[in-house]
Amino acid sequence: MAADKSTILQGTLDLMVLKTLDAMGPLHGYGIARRIEQISQEALQINQGTIYASLVRLMQKGWISGAWGTSDNNRKAKFYSITKAGRKQLHAEAENWERISGVIGRVLRIAERG
Amino acid sequence: MLAWMQTLVSRMRVWLFPGRADQEFEQELETHLDLLTHENIHRGMTPEGARRAALMRLGGITQLKENNRELRGLPFLETFLQDVRYALRMLRKNPGFATVAVLTLALGIGANTAIFSVVYAVLLKPLPYPQPEQLVTVFEAKPQEGIMGNGWSYPNFAELRADNHIFSEMAGTQQHQLTLTGRGDPTVVNTASVTPELFSVLGLKPIAGRTFLPEEGKPGAQAVVILSESLWRGPFGADPIIIGSSITLDKRSCAVVGVMPAGFRFPAISEEEQIWIPLVQDPLFGSWIERRGGHWLRVFARLKPGVSIAQAQAELDAFSARLAKEFPTENAGWVIRMTPLQGMIVENVRPALLVLSGAVGLVLLIACANIANLLLARATSRAREIAVRAALGAGRTRIVRQLLSETLVLGLLGGLTGIALAYWGVHGLSSLLPSSVPRANEIGLDRFVLGFALLLSAIASCAFGLTPALFAANSNLQASLREGSRSGESTSRRRARNFLAAGEIALATVLLVASGLLLRSFAKLTSTSPGFDVQHVMKASVSLPRFQYSTPQQWIAFSNELLARIQAQPGMRDSAMAVPLPITDGFINLAFDIPGTPPPSAGTSRSANFVSVSPDYFRIMAIPLLAGRFFNAHDNLSAPRVTVISKAMARMYFPNQDPLGKRLTFGFPFESVGEKEIVGIVGDVRDVALGQNPGAMMYVPFDQAPFWGGNLVVKSTLGPSSVAGTMRQVVHQIDKDLPVTDIMMLPDGIESSVAQPRFRTFLLGVFAAMAMALAAIGIFGVISYSVSRRTNEIGIRVALGAQSADILKQVLAEGARLALVGLSLGLAASVVATRFLATLLFGVNPIDPLTFAAVAAILATVALVACYLPARRATRVDPLVALRYE
């Protein structure tokens, strides 16, 4: 249950969703959640419901779009795909993310040495 | 920015069509659950276990849906509307509370809005001219003698106008009345005699024709005139070919060159000018423009862009220093000052209006305290409801927001009702407003005033809503739930309510004291003996056209003939001529010399108010003779010049001497300056205003100092209409073209001179009464509420043997404590607050013990009466019923 409460930053989750859609093409909510868990080698057990808040936010910003389709188990599902604006945002955010994690990494290394 | 807009659009869409989005989301979640369950079954779980695990993995479905709805829609707006709906329902369920609260607030908002509409139009609204902030009035002053705000001589004005670096334009004006004949009945028109630049100083265009040309301001130019729109539309029937035609003013023909729009009122502002003529054409002032002595021309100017008041003042100082050096006789000691035009116009009414605004603000504060009290009491009885809400998960902010929405609804209802009241109030105010208030024609409920009213309602709602809301949100949830709806309330809340009630009494005290002071001051003002008695005295003004009656001999002949004919009428024996009359007319202050004595030392001057009267005037006005003699029929042009002075003048200028037989040098108009022998001393008269102490006065016989007409005063016990009719008839027997104007009973004229003090005294009285009523309701509310909360306790006391007198005493004591605290605070505050009233008071100390004591007595009585009703109810508590009630 501890994983449920692990505080994934809202922005981080949104970024992961964007990245997933960018890499995998159109996916439904379950698909996105599974994919994120797989990539993180099950280290990140998210409360899958939170995906939907992230999806609403991304939709409102126009970075993803949604369309109704049929899932593997033959049920109606909404498939999300990344938009052009979303891709642009992803690149900007990804760079930003790498820069920040780089900085944090360096700081931590310095701290270890000190 | 774009993303933000997109978000809003998407939210709006969902908000408008909520059902579909909900269904879609449900569908999505259903699919998700299904897929998760499948996955779990694959891992070997039982179908039930798989579903349960899936649900846990996904999180609470209901909560997800709720979150989703909030994210997608406009939750703030939604909850607000929900709160508003709820608030309206609550108000409908408590019509008594709603009515009291809305009406209380409406009264406060309405009174404030009405007063603000006056304050805005008179004090705040920019003058209706282009760049009004550049407009200034420039005046001469002699500070060491206390002469402020005097006029200019024309040559001084012309010199500065021709050579200065600070004003883009300057203009001079004076005003009086001229006779208009040839169009229906002869009438008198308010005339402004102006230099041609006035219109360009103000930057206003005529609606027809043109304004004056520069050359029309020079002597010898053709006589021209500009009409006001109202005169043009009235007597002239909106004559379309008025421009170029001519009208007859004081029996002289003038060509009409323009018509000014109706809104244009200058320089009088409060009264309506009807005609503008070039100064040089004026029958009186026109002859004065060569004279460097005399201070009569009112000067207005427009500052050059970028020139500050300080810069301009520096140049004015240099200019007045030069004048004093070049023309010491006329200009020594005089300096030139300036002030923004708007400030000058409202100077007289500003203190009273500010006091009234403050007073009405206090009324609103009391109203707010009252409503806050009602809300607090209600919040206590709603504690359980709020506790239930909190228990069901409502956050503190959510509860505060809901309660604030309720008060906001209350505030808006009160505000709207208040605006309706204000609409009615503004009409009432406008009709009550003394005619001397400038810019009164601009008062109304315009956009700005309405905005003010709404803003005020919003602020008021927050003021009375916030405290109860915070209290409610802070209340101890468990205690409230456990204790049920009618247990004791928290001490802090009771304290807050007591504080509010005492505060209301304190504020009401301040208002009552202020109103009491004004009332006493007004009573003093109107009961002060002015030094004369005008009972049964009627006056009428007759003005002789100066291009027809051009010599002093003609003026004397007219006045003697008029008096002879009037006195021949039955019952009108007591009649006289006088210029000017005390209080109803202006006053003429003249400098004089005492021949044979050294000139007054630097920094002092000799001046007295000048009156020209026919012999019977003193008797008719009951002004007593103290020494010497009154004037008689022999004091005419062929006799030695004589004067009668007032007691104050004798005391000031002839201390320890007998003034009789001494001589004075003065005269008005300037042509008649000469030596006059003092033949009599009469009693002092308040001639400037009822509230101003009598000063030095010198009277001269009308036949030795005649005017082109004047005031005919008749003391008669015949009815006013018959006296007025006779006066008109007799004047027209002599000359049918003479207008007879300003006919009135003199007591009415004196009465209207105190219109402004009466107006502010009345209004402040109304506000004080409102404040007292609200405060009484406030203390009544607190005490009744306290009694009803303590029914149980009182029941026990009665059961244990307390007498009804004990209960009565106990409840009254509670009220008396509040009243006492409020009163002491209020009286202390009044000591400070009444200082702002000082300029409005006449003959009353701002800390008048009598007023303070009376207010304390009145308020204490009112408070006790307000507490008596609930106290009586407390004594009737039946212990059995009270105990069972719990």
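Analyst: Helices, of at least four residues, and strands, of at least two, are DSSP runs numbered from the N terminus. The model discussed here is a predicted one.

User: How many helices and strands are there in chain B?

Analyst: The count rests on the DSSP runs just described. For chain B it gives 28 helices and 22 strands.

User: Is chain B spread out or compact, judged by its radius of gyration?

Analyst: The globule rule gives 29 Å for 886 residues. The radius of gyration of chain B is 38 Å, well over that value. The C-alpha trace spans about 135 × 75 × 55 Å along its principal axes. Chain B is therefore more spread out than a compact globule.

User: Is B:Arg439 buried or exposed?

Analyst: B:Arg439 belongs to the loop between helix 15 (396–432) and helix 16 (447–474) of chain B. Its phi is positive, about 60°, although B:Arg439 is not a glycine. A residue with 20 or more other C-beta atoms within 10 Å counts as buried. B:Arg439 has 20 such atoms, so it is buried.

User: Is B:Asn656 buried or exposed?

Analyst: B:Asn656 lies in the loop between helix 21 (647–653) and strand 18 (663–666) of chain B. Phi of B:Asn656 is also positive, near 55°. B:Asn656 has 5, so it is exposed.

User: Which peptide bond ends at B:Pro580 and is cis?

Analyst: B:Pro580 is in the loop between strand 13 (574–579) and strand 14 (588–591) of chain B. The cis bond has omega near -10° and runs from B:Val579 to B:Pro580.

How values were computed: Residues are numbered from 1 along each chain as its sequence is written. Chains are lettered from A and ligands numbered from 1 in the order in which they are written. This is a predicted model: local features need pLDDT of at least 70, side-chain atom pairs count only at pLDDT 80 or more; totals for chains, interfaces and linings use all residues. The radius of gyration is taken over C-alpha atoms; the globule rule is 2.2 Å times the number of residues to the power 0.38. A residue is buried if 20 or more other C-beta atoms lie within 10 Å of its own, exposed if 12 or fewer, and partly exposed in between; C-beta atoms are placed from the backbone.
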